[in-house]
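Hello,

Here is the structure I said I would pass on. My notes follow below it.

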Amino acid sequence: MPSTGAFTAVTARRSFDKFVQPEPAHPVSPASNGSTSGPTSNTDRGKRDWPPSVRSYVQRSFAEENILPDVDWKEMETKLKQVISHSVAAGTLTSEDWDNLPLPQMMIQEERKHRLQLLIPPSPPGPDNLLIPTLRETNEAKSKKRKSSDLGLADEAINRTAPWIQSKSSNAFESRISYPEERSRNGLSPEKGYSKSTQILDGRKRRFENNTSGSPSVQPWRLSATQEASSKQREGPIVGRCQDLEKKYFRLTSAPNPDTVRPLHILEKTLDHLKKKWKQERNYSFICDQFKSLRQDLTVQRIKTGFTVNAYEIHARIALEKGDLGEYNQCQTQLRALYAQNLGGHPTEFVAYRILYFLHTSNRTDMNDVLADLTPTEKQDKAVKNALDTRSALALGDYHRFFQLYLDTPNMGAYLMDMFVARERLSALCAICRAYKPHVKLRFITEELGFESDDESARFICDNGAQQYLEERNTGVILLTGKALNFFDPALTAVSASPDSKAYI
């Protein structure tokens, strides 16, 4: 038999882990140690009976009417877990007033406001910075006594201020104070702020006022009383004192001088004088210059009356007669604004002109806008109805109907149609060459395309380089449509692809 030693063998320790007591050779039965209980299973640990108030609080947190668009779902869920976990750790899960406890999204918003108050550095007052003083005033109203913790947070916020905002020569609190002089230097009213664009315009205005006298630029808060009074007068509408009926147009490069601006009663005499001049001399360059000067005097004096409408309408009609689409569009734009103020005039006449103009430029987008704005009363007007029928004839390719309407256009719509009638005549010639072969009489083309005589129709064909397709026979002059089709198709394509008059808009 092997000999038994006088000691007990112990296993050598090979790591620095916590020493584990070896199990005894004879394990103790559970019955012998009633005070020791087995470990709790994970299943039992995960189950918990939450109070109804907590369940209601969670449901209200995720209710659709309480969801805030600026609070992320995951952020709200994390905050909710923190609130419940803190209550469990503190043992107040059942005693907490969950019905009156703020929802997690409300807590997140309050925390953001607090961080905003502490982290955003002070800046000059303006529309973008009005929120910060409001929050600061709200917090001061709640607690007038500042705690030591609040002072510490404030000092941290000052230390986190961007280096380009902090001043080396001033203390931490001086940058928070704004003085009336600083607000006026920034171009801001002491009562309310202006937008950035308004500040730029005000700066240009002050620079302009400073440079008009030829003296060096003067700071706006150093203006004399006389300069301030004159500056206030320039802000409002002026009243002209000029008595001349005729005055050349000059683009304004400085503030308008009342001595060179004609008052309303002189402008009324000027309009009558210009109408007589136009009937007698028909000098468009002179009349256009005088009307632009008249319109300028109306604008600088802010005169918007029936006389203003009449002046713009007369200038627009003269521009149409001479084919000046640039001046016509300027008048048309101002007339639309004046018609909106119900100042009288002839709005339906110029609505018809707009429709014909968009037919000329092939501007379908603006055409749809005009058609959508038409009222039933306007559609019954003779000029508007003619313009709508013209648009319908072009859309259907009915050149026969189109040229009938062209010869019966009311007012001055024919001048607008003259700008694109050549394009439509080429289109109609292409259709005639496809439908009538081998030839048609020139008289037929004269009647169908709205020419006044056969000579005019023959001249149109020759001007487009197709004189070789005209033949004189015993029955009269004919057009060889079978051969001319190959010529008119490229000509129409070239005309349609040429730059239109949209550049005048």
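**Two packed helices**

In helix α14, R354, I355, F358 and L359 meet D366, M367 and V370 of helix α15; contact means heavy atoms within 4.5 Å. By class, this contact of α14 with α15 has five nonpolar, no polar and two charged residues. Here Ala, Val, Leu, Ile, Met, Phe, Trp, Tyr, Cys and Pro count as nonpolar, Asp, Glu, Lys and Arg as charged, and the others, Gly among them, as polar.

The model is predicted: local features need pLDDT of at least 70, side-chain atom pairs count only at pLDDT 80 or more, and totals for chains, interfaces and linings use all residues. Residues are numbered from 1 along each chain as its sequence is written, and side-chain values use heavy atoms, with hydrogens and water left out.

Helix α14 covers residues 347-361 and helix α15 residues 364-373. Helices are DSSP runs (H or I, at least four residues), numbered from the N terminus. The two pack at an angle of about 160°, with their axes 9 Å apart. Axes are lines fitted to C-alpha atoms over the stretch in contact, and angles run from 0 to 180 degrees between N-to-C directions. α14 and α15 are therefore roughly antiparallel to each other (over 145 degrees).

**Cysteines**

The structure holds zero disulfides (a disulfide is a pair of cysteine sulfur atoms within 2.5 Å). For C430, the nearest cysteine sulfur is that of C433, 6.7 Å away. C430 counts as buried because its relative accessibility is 1% (buried means under 20% relative accessible area, with a 1.4 Å probe and protein chains only).

Regards

How values were computed: Parallel < 35°, antiparallel > 145°, perpendicular 65-115°, else oblique. Buried < 20%, exposed > 50% of the residue type's maximum accessible area, 1.4 Å probe, protein only.
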